[in-house]
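Dear colleague,

Please find below the sequence and the structure that I am handing over to you. My notes on what was found follow directly after them.

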Amino acid sequence: EGETTMAWNLEGTFYENCSCDAICPCTWSNMARVATNDDCRVALLFDIDQGSVDGLDVSGNTCVMIAQTPALMPEGNWKVGLIVNEAASDEQIDALTQVFSGALGGPPAGLAPLIGEFLGVEKRPVTIEADGDRRHVVIGDAVDYQLTKQRSPEGDQVQLTNITIHP
């Protein structure tokens with residue numbers, strides 16, 4: 001018998017911040033370049049405007065994948081944890097954990113073989129403050145970072161293309 005996976009779809013905004021110099025070498029190189037430091041400590045935040053996992057509505061939730069990876073990410077043995085906003089129900093947390101662990105396929109499944117240790121899931125308050133192109137992200141007392149959308153000299157938002165490995 002073949003494996004069955006649940007259908008899922010998430011739409012929203014993705015924020016990423018790590019301990020490397022901007023723009024993170026692993027992003028633009030499809031994880032072929034080493035991190036700026038001895039390791040990479042990254043927070044991948046998914047602010048879900050609309051979403052469902054096997055028919056369960058997960059809209060309005062925020063998930064943050066926290067990882068500590070070797071300087072060359074494809075070496076694997078990542079330490080990973082997941083933080084979900086406080087308002088999420090246990091059922092929503094279980095469904096989102098299945099998505100972000102890679103168990104349900106899609107882009108997160110590409111990261112699953114790199115995870116050496118899953119540290120678990122925590123509920124924490126998540127706030128994202130917007131001021132023009134600037135964002136301030138606070139996740140309980142675990143994460144606090146600011147970011148600014150990058151713009152070209154013409155004022156257009158910078159977009160990375162042909163990124164096939166990075167989530």
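Where is the place of Asn-77? Asn-77 sits in the loop between β4 and β5. Please bear in mind, here and throughout, that this is a predicted model.

**Two residues with positive phi**

Asn-77 is not a glycine, yet its phi is positive, at about 60°. With a relative accessible area of 62%, Asn-77 is exposed, because the cut-off for that class is over 50%. Asp-54 is likewise a residue other than glycine with a positive phi, in this case of about 50°. Asp-54 is placed in the loop between β2 and β3, the latter being residues 56-57.

**The aromatic residues**

The structure contains two aromatic pairs. One of them joins Phe-14 and Phe-46 in a tilted arrangement, with 5.0 Å from centre to centre and 45° between the planes. Phe-14 belongs to strand β1 and Phe-46 to strand β2, so this pair ties together parts that are 32 residues apart in sequence. Phe-14 has a relative accessible area of 35% and is therefore partly exposed. Phe-46, by contrast, is buried, with a relative accessible area of 19%, as the cut-off for a buried residue is under 20%.

Phe-46 also pairs with Phe-100, again in a tilted arrangement: the centres are 4.7 Å apart and the planes form an angle of 40°. This pair links distant parts of the chain, since Phe-46 is in strand β2 and Phe-100 is in helix α2 (residues 90-100), 54 residues apart. Phe-100 counts as buried, with a relative accessibility of 7%. Taken together, Phe-14, Phe-46 and Phe-100 make up one aromatic cluster.

Is Asp-39 buried or exposed? Its relative accessibility is 16%, so Asp-39 counts as buried. The side chain of Asp-39 takes part in a polar contact of 3.1 Å with the side chain of Arg-41. A polar contact of 2.7 Å connects the side chains of Asp-39 and Gln-68. When neighbours within four places in sequence are left aside, Asp-39 is in contact with Ser-19, Gln-68, Thr-69, Pro-70 and Ala-71.

**The second largest pocket**

What is the volume of the second largest pocket? It comes to about 370 Å³. The lining of this pocket consists of 20 residues, and those closest to its centre are Val-42, Ile-66, Ala-67, Ile-83 and Val-143. By type, the lining residues comprise 11 nonpolar, five polar and four charged. Several strands contribute to the lining of the second largest pocket: β1 (8-18), β2 (39-53), β4 (62-70), β5 (78-85), β6 (115-124) and β9 (143-148) each provide at least two residues.

With kind regards

Note on methods
Residues are numbered from 1 along each chain as its sequence is written. This is a predicted model: local features need pLDDT of at least 70, side-chain atom pairs count only at pLDDT 80 or more; totals for chains, interfaces and linings use all residues. Side-chain values use heavy atoms; hydrogens and water are left out. On a 1 Å grid over the protein atoms alone, a cavity is a set of points where a 1.4 Å probe fits but cannot get out, and a pocket is an open set with protein on both sides within 12 Å along at least five of seven lines; lining residues have an atom within 4 Å of a point. Grid points are joined across faces, edges and corners, and a volume is the space filled by probe spheres set on the points. Helices (H or I, at least four residues) and strands (E, at least two) are DSSP runs, numbered from the N terminus. Ala, Val, Leu, Ile, Met, Phe, Trp, Tyr, Cys and Pro count as nonpolar, Asp, Glu, Lys and Arg as charged, and the others, Gly among them, as polar. Buried means under 20% relative accessible area, exposed over 50%, partly exposed in between (1.4 Å probe, protein chains only). A polar contact is a pair of N or O atoms within 3.5 Å; within protein, one must be able to donate a hydrogen and the other to accept it, and residues adjacent in sequence count only if both atoms are side-chain atoms. Contact means heavy atoms within 4.5 Å. Rings of Phe, Tyr and Trp (its six-membered ring) pair if their centres lie within 6.5 Å; planes under 30 degrees apart count as stacked, over 60 as edge-to-face and the rest as tilted.
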